[in-house]
Amino acid sequence: MKILFVMSRLKYLPYFQSSLELIADRGHELVLLLLHASDGRREQAWADAMAARPNVTIVVEHQFKGDPTHKPARSLRRASEYLRYQAPEYEGLFEFRRGKARERSPRWTRMPLAGPVVAAFDRAMPVSPRPAAFVREVRPDVVAVCDPGRPGALLSAYVSTAREQGIPVALCVPSWDNLSTGQLTRVVPDAMLVWNDAQVKEAEEIHGIPRELVIATGATRFDEWFARTPRDAAAFKAHAGLDPQRPYVLWVGGALLPAARTEAELAYDWVEALRAAGDDIGVLLRPHPMRVDDWNAVDFSGFENVTVFPRRDNTMPVDEEQRADYFDSLYHASVVVGVNSSAMIEAAVVGRPVLALMAPEFDGSTTGMFHFAYLLEENGGPVRTATSIGEHIAKLREPRGDAQAFVQRFVRPHGLDQPATPLFVDALERVQAGPPLREPANVRVLRGMIRFALRAHSAVGTRRARLFA
């Protein structure tokens, strides 16, 4: 098989790293299309090593620049996002996203009946010429698209062009929050690959994807944590800058939405209260790669046996050293704490208790998100909560329950002993075996009308430019 895998940037590599490597290991021809160059030295090193394989090609090209459909398509995507958040079920949720969506959306989206019009035109928007030409040139057997649902993103163009060219296409959902917080899926793929049954339900109820097209493979991103052997605990603590002989608490950064203060500042107050309570346990503060600067702006040097680790690395764990440091920080911790982070799921995988601090200023990252509820103890998740720093510290040493049932349901729905990566690649192979779906006739007709209008508009603009040249 020849598989075209489309990803906006290598930032999303950890979600699919094991799958991309297994695709190549199985002898398939892999073409990895990245729309943006890598910023990270470690990510680029991985890409260089993969590109050295005889059956792997990596192309970096932003294929929407200069595209006449780009601006109207993006405008429709943003209008769609704004209209989605007007539904009653979103009342009180996603306040930051709702505000940004309103700022970005055209004014006419406030008009009556704007919703059905936007939905129809969004789905029927003509495929961008360059992505269509690229897919035609590659001639893959399967197109796989990693779409995290970022506002205004146009990766659905690759789903549309695959559909138009009769190529089976799979939409691959990277993380646990993408379906509930990302933009709506307008073009139905031949298959949507998700983690678990909760996401199967989200795909059907939120995005309108027929249940029979949604495949729960498990979370490929976490496969490695089930099999990895930790390094020596004392050696790791010394490496991270902690006292090798004392236990430590791990704070995992993950509150990414704007708030009245940074998560690093909240963590400082928490450490200060911890020490004031007479607790001398070590503290390892692990920044989210997207917020490293926030943590470097806060001075924790006045506290004994407290470290920010890693301090300068702003890339997701990709190479062996990064992954070993990340795994060991989870594995050797006595308890994992924070606000909201996928690392809390990973902590459950390695059997560590998890405690979330529900600070009011960070409600946008917790109670303001659908997906956070999946983690909560009352919903069968691994996370216990505390509404104040004092309560949080008091709960640090309380007995905790077993999160194994959550891990099987959420991370490995086919059994704790069944890795997700081979199931993911198996699903891609099965997508190629089935007949590709075709767009409904009404969508094809409207797309033709839009394409004609865009060409006419372009021709008028060209003539006007010549007239006044």
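Visitor: What are the ground rules for the values?

Guide: This is a predicted model in which local features need pLDDT of at least 70, side-chain atom pairs count only at pLDDT 80 or more, and totals for chains, interfaces and linings use all residues. Residues are numbered from 1 along each chain as its sequence is written, and side-chain values use heavy atoms, with hydrogens and water left out.

Visitor: Why do Tyr12 and Tyr15 count as buried?

Guide: Buried means under 20% relative accessible area, exposed means over 50%, and partly exposed lies in between (1.4 Å probe, protein chains only). Tyr12 has 8% relative accessibility and Tyr15 has 13%, so both count as buried.

Visitor: What is the arrangement of Phe16 and Phe424, and where in the chain do they lie?

Guide: Phe16 and Phe424 form a tilted pair, at 5.6 Å centre to centre and 45° between the planes. The pair links distant parts of the chain, since Phe16 is in helix α1 (residues 13-25) and Phe424 is in helix α18 (residues 420-433), 408 residues apart; helices here are DSSP runs of H or I with at least four residues, strands are runs of E with at least two, and both are numbered from the N terminus. Phe16, at 2% relative accessibility, counts as buried, as does Phe424 at 3%.

Visitor: How do you know that the buried residues of α6 line one face of the helix?

Guide: In helix α6 (residues 129-138), Pro131, Ala132, Phe134, Val135 and Val138 are buried. Seen down the axis, the buried residues of α6 fall within an arc of 160°, taken from the directions from the helix axis to the C-beta atoms, so they line one face. On the other side of α6, Arg136 and Glu137 are exposed.

Notes. Rings of Phe, Tyr and Trp (its six-membered ring) pair if their centres lie within 6.5 Å; planes under 30 degrees apart count as stacked, over 60 as edge-to-face and the rest as tilted.
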